[in-house]
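Hello,

Here is the structure I promised to pass on to you. Have a look at it first, and then read my notes on what turned up.

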Amino acid sequence: MSRALKLTLGMTTALSLTAAASVSAKADELTLCWAAWDPANALVELSKDFEAQTGTEMSFEFVPWPNFADRILNELNAGGKLCDLLIGDSQWIGGSAENGYYVKLNDFFEAENISMDDFAAAAVNAYSTWPKGTPNYWALPAMGDANGWFYRKDWFSRPELQAEFKEKYGRDLAPPQTWDEMKEVGEFFQGREIDGKTVYGAAIFTERASEGITMGATSAMYPYGFKYENTPGSYDMEGAVNSPEAVAGLEAYKELYKCCTPPGYTDSYMTEGLDAFKSGQVAMAMNWFAFFPGLAKDENVGGDKIGFFVNPKQNIAASTLGGQGISVVANTDNMDGALAYIKWFSQPDVQKKWWDLGGYSVHNDVLNDPSFKDSQPFAADFLVAMNQVQDFWQEPSYAILLQDMQKRLHDYVVADKGTAKEALDQLIEDWTETFEDDGKINN
């Protein structure tokens, strides 16, 4: 997104729903917009219950992830009426609130007895609130997600590999618990022959165009101690973004990229990582929890062959946040129907079915159920991850901030330009310019 377009997006004002009469009216048809991926298919199945109960016909506009932000944000900025409901990325919440794209839902939640206390606190903060730290709600938490890991459990359990690894490192071959261990495991598998095929250590995110390398690298940088600000809300980035811990985390990510990824793995994100794992190229892969149900069922690498683990810690435990909230688009012609869908989706029984179908509910009735941790082989790790998530800037200028980070990280990690410290110093310069343009910090 250009800086000129960013200024255009800021010309509208936020809309608040002040009349919060009980929602009973319905629309004949509603269109819900989201990204095209496995959870979207689960939502189509779930929404059949809403159609049956209300008589409302649900339509869906699912856009492939690489095009999702451009397509939908351009639609919102143009005042289009494609989407009545939108499951938008967590980073969109600030801009969509301030630019009047989303309906503020506080009065509606109060009228319908929908309590944000019924959802995991971290999810509410990330997916629903703007400004951060305030009880101003622009979405209902819809899809909890974080960056996690999966591995070839069948390879890890081979006696000959277990013995070789233990002799070399003095510990059992197991999912890494720290980033130091991650490199050791990656190096152990890199270039190894298994079942007559050369395999590699790990598939990680390196994609340049959208968000990939940022989402991947922060999975190392957060555990080392990277922060966006020294004091939240102050935009004091010097000594946080480029701290020694942040530098060490970025260096660790580059080391893993250099030592332990498949050849030519220079511009890879979700799809490429899944393909590398499913084709038997790698021992481990990072990706979003959203894909884990499908992986667990995969005929070739699922079942007993696959295992899951939470993002490794280092100085602290941390995971990169994914996931989204569901919002009512302020420009909808079907306000009552859209709000009725939000009310329906918020119900505990609907949230339970959402989890069962492959969506990631963050409703406390689902997460706190004693059976939850054993409901899927990755459920316990999901709980851990969602309690330690950290997210990118959610500022209205997030798209510019993100592209700056994409460039600096890709130049250092993949293109071998400069040092990690130089990359992060330059990133502070980039971000300072944007926040000065926004009037958030003084020139």
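The largest cavity lies between domain 1 (3–145 + 323–390) and domain 2 (147–320), because both domains give residues to its lining. The domain bounds come from an automatic or database domain assignment. Before going further, please keep in mind that this is a predicted model, in which local features need pLDDT of at least 70, side-chain atom pairs count only at pLDDT 80 or more, and totals for chains, interfaces and linings use all residues. Residues are numbered from 1 along each chain as its sequence is written, and side-chain values use heavy atoms, with hydrogens and water left out.

A word on terms. The search runs on a 1 Å grid over the protein atoms alone: a cavity is a set of points where a 1.4 Å probe fits but cannot get out, while a pocket is an open set with protein on both sides within 12 Å along at least five of seven lines. Lining residues have an atom within 4 Å of a point. Grid points are joined across faces, edges and corners, and a volume is the space filled by probe spheres set on the points.

By this rule there are three cavities of 30 Å³ or more. The largest cavity holds about 110 Å³ of space. It is lined by 15 residues, and Asp89, Glu211, Trp288, Gly322 and Gln324 are the closest to its centre. Strand 12 (residues 319–328) gives the most to this lining, with four residues; helices (H or I, at least four residues) and strands (E, at least two) are DSSP runs, numbered from the N terminus. The lining of the largest cavity has seven nonpolar, five polar and three charged residues. Here Ala, Val, Leu, Ile, Met, Phe, Trp, Tyr, Cys and Pro count as nonpolar, Asp, Glu, Lys and Arg as charged, and the others, Gly among them, as polar.

The largest pocket has a volume of about 830 Å³. Of its 36 lining residues, Trp65, Pro66, Asn67, Ser210 and Tyr269 lie nearest the centre. Helix 3 (65–77), helix 12 (270–278), helix 13 (292–297) and helix 18 (398–413) are the elements that give two or more residues to this lining, and helix 3 gives the most, with eight. By class, the lining of the largest pocket divides into 20 nonpolar, seven polar and nine charged residues. Domain 1 and domain 2 both give residues to the lining of the largest pocket, so this pocket lies between them.

The second largest pocket has a volume of about 700 Å³. At least three lining residues come from each of domain 1 and domain 2.

Finally, a helix pair. Helix 10 (residues 212–224) and helix 11 (residues 244–260) pack at an angle of about 130°, with their axes 8 Å apart. The axes are lines fitted to C-alpha atoms, for helices over the stretch in contact, and angles run from 0 to 180 degrees between N-to-C directions. Helix 10 and helix 11 are therefore oblique to each other (under 35 degrees counts as roughly parallel, over 145 as roughly antiparallel, 65 to 115 as roughly perpendicular and the rest as oblique).

Enjoy exploring!
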